[in-house]
Amino acid sequence: MRRILLNQNESPYPPPSHVLEAARQELSRANRYPDPALKEEVTQLAAEYIGVDPEQTILIPGADTVVDITARPLRIQEYIIPDPSFYDIIIGTFEWNNVSLQKIPLNNYVSRLSKHTSNGWSTVGLVDNPNNPLGCILFKEKPNTSTPIIVDEAYYEYSNITMAHHVRREEDVIILRTFSKAFSLASLRIGALAAPTHIAEKLRRDPLIFRITSPSLKALKAALTDPSYVRRNVAETVKEKERIASTLARLGLKVYNSYTNFLTIDTGIPGITGILAGRGIIVKSLENWVKQGMIRVTIGSREENTVFLEELEKVLSQASVKDKFEAGDDRLRPEPDEEPCEA
Ligand SMILES: Cc1ncc(COP(=O)(O)O)c(C=O)c1O
């Protein structure tokens with residue numbers, strides 16, 4: 001059976017030929033260690049793309065390394081994260097780095113962080129904005145807090161909301177970007193971080209200077225030199241997202257407003273993830289994470305999305321009223337029509 005993978009918020013579009021060719025050529029030099037000058041060159045391009053200084057920019061092997069990369073050099077002891085958030089997926093990284101964790105319900109995150117006072121970087125806010133798994137924006141303006149904040153902008157290309165100007169002003173803000181989503185480079189494990197210059201200097205002392213491979217650097221160089229495909233991919237994804245959302249709304253399902261490349265859907269059917277998997281559609285279950293009957297669905301190619309909609313519609317028409325979720329886990333259940341974290 002054909003499997004359609006809509007569970008990891010990947011881009012459905014392979015990288016374009018100029019990016020593939022750059023990586024392929026570099027593979028023939030795989031006997032050589034990565035060239036520091038190449039890393040510097042790509043760092044400059046990434047800085048330009050983000051809109052900060054090269055001195056403020058560091059290439060990282062994926063945004064999921066954020067705790068590994070920041071905890072020790074900045075002597076961070078506690079991260080304050082929203083609940084739910086992407087960090088539930090990488091929860092082991094906090095224990096691994098021997099740091100503590102404070103979870104704040106998403107709806108209260110900004111107000112609680114604003115009241116939190118902090119001296120230096122021992123406690124920091126770490127927040128995905130837009131949020132994964134709900135797709136919503138927690139803030140469009142930086143929360144007014146003395147606590148340093150790390151803002152994960154993995155979906156920036158879809159949200160167009162960034163805190164880069166705070167980094168430019170050397171405030172206590174770090175932003176994270178990934179090239180795994182809109183840039184279609186998930187398997188190459190490359191992202192970037194922008195931080196105030198004195199913080200970036202500390203982070204740059206990472207002893208593992210060859211963490212990022214040369215084919216990844218070359219691919220990103222080619223991508224940032226000609227990123228027109230990224231704009232095309234994002235436009236197509238946004239168009240498809242709107243098509244899916246309006247179809248699902250017509251089917252009477254609650255769909256959350258999304259600033260990302262995925263949609264969060266309350267199907268009202270317990271075990272929906274398994275039912276869809278039986279039909280070859282793999283989506284992310286939010287059943288034990290947020291709420292029963294809830295799924296997170298990556299926007300795939302037009303064809304994949306059409307199959308998903310057709311299969312979901314069949315499941316809905318077959319599910320009897322008694323199968324549908326009635327009470328259950330209310331942990332994050334918003335009031336009707338209320339968005340859980342709309343800015
Ligand atoms: C908010 C958020 N941050 C980071 C990542 C992972 O990024 P990377 O592939 O660069 O590790 C994801 C992936 O789903 C995500 O949703």
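L38, K39, E41, V42, L45, A46 and Y49 of helix α2 meet S214, L217, L220, K221, L224 and T225 of helix α9; two residues are in contact if their C-beta atoms, placed from the backbone, lie within 7 Å. The model is a predicted one, in which local features need pLDDT of at least 70, side-chain atom pairs count only at pLDDT 80 or more, and totals for chains, interfaces and linings use all residues. Residue numbers start from 1 along each chain as its sequence is written.

The contact of α2 with α9 comprises eight nonpolar, two polar and three charged residues. Here Ala, Val, Leu, Ile, Met, Phe, Trp, Tyr, Cys and Pro count as nonpolar, Asp, Glu, Lys and Arg as charged, and the others, Gly among them, as polar. Helix α2 spans residues 36-50, and its axis lies 10 Å from that of α9 at an angle of about 35 degrees. Axes are lines fitted to C-alpha atoms, for helices over the stretch in contact, and angles run from 0 to 180 degrees between N-to-C directions. The crossing of α2 and α9 is left-handed, a term used if the near helix is turned anticlockwise from the far one by less than a right angle, with right-handed used if clockwise.

Helix α9 (residues 214-225) also packs with helix α1 (residues 17-27), at an angle of about 150 degrees and with the axes 8 Å apart. Helices α1 and α9 are therefore roughly antiparallel to each other, the term for angles over 145 degrees. Their crossing is right-handed. On the α1 side the contact is made by H18, V19, A22, A23, E26 and L27, and on the α9 side by S214, P215, K218, A219, K221, A222 and A223. By class, this contact of α1 with α9 has eight nonpolar, two polar and three charged residues.

At the level of domains, the assignment gives domain 1 (4-9 + 230-323) and domain 2 (17-226); such bounds come from an automatic or database domain assignment. The centres of the two domains, taken over C-alpha atoms, are separated by 28 Å. In domain 1, 19 residues are in contact with 16 residues of domain 2. On the side of domain 1 that touches domain 2, α10 (228-250) and β10 (262-266) each supply at least two residues, and α10 contributes the largest share, four residues. That side has 10 nonpolar, seven polar and two charged residues.

How values were computed: Parallel < 35°, antiparallel > 145°, perpendicular 65-115°, else oblique.
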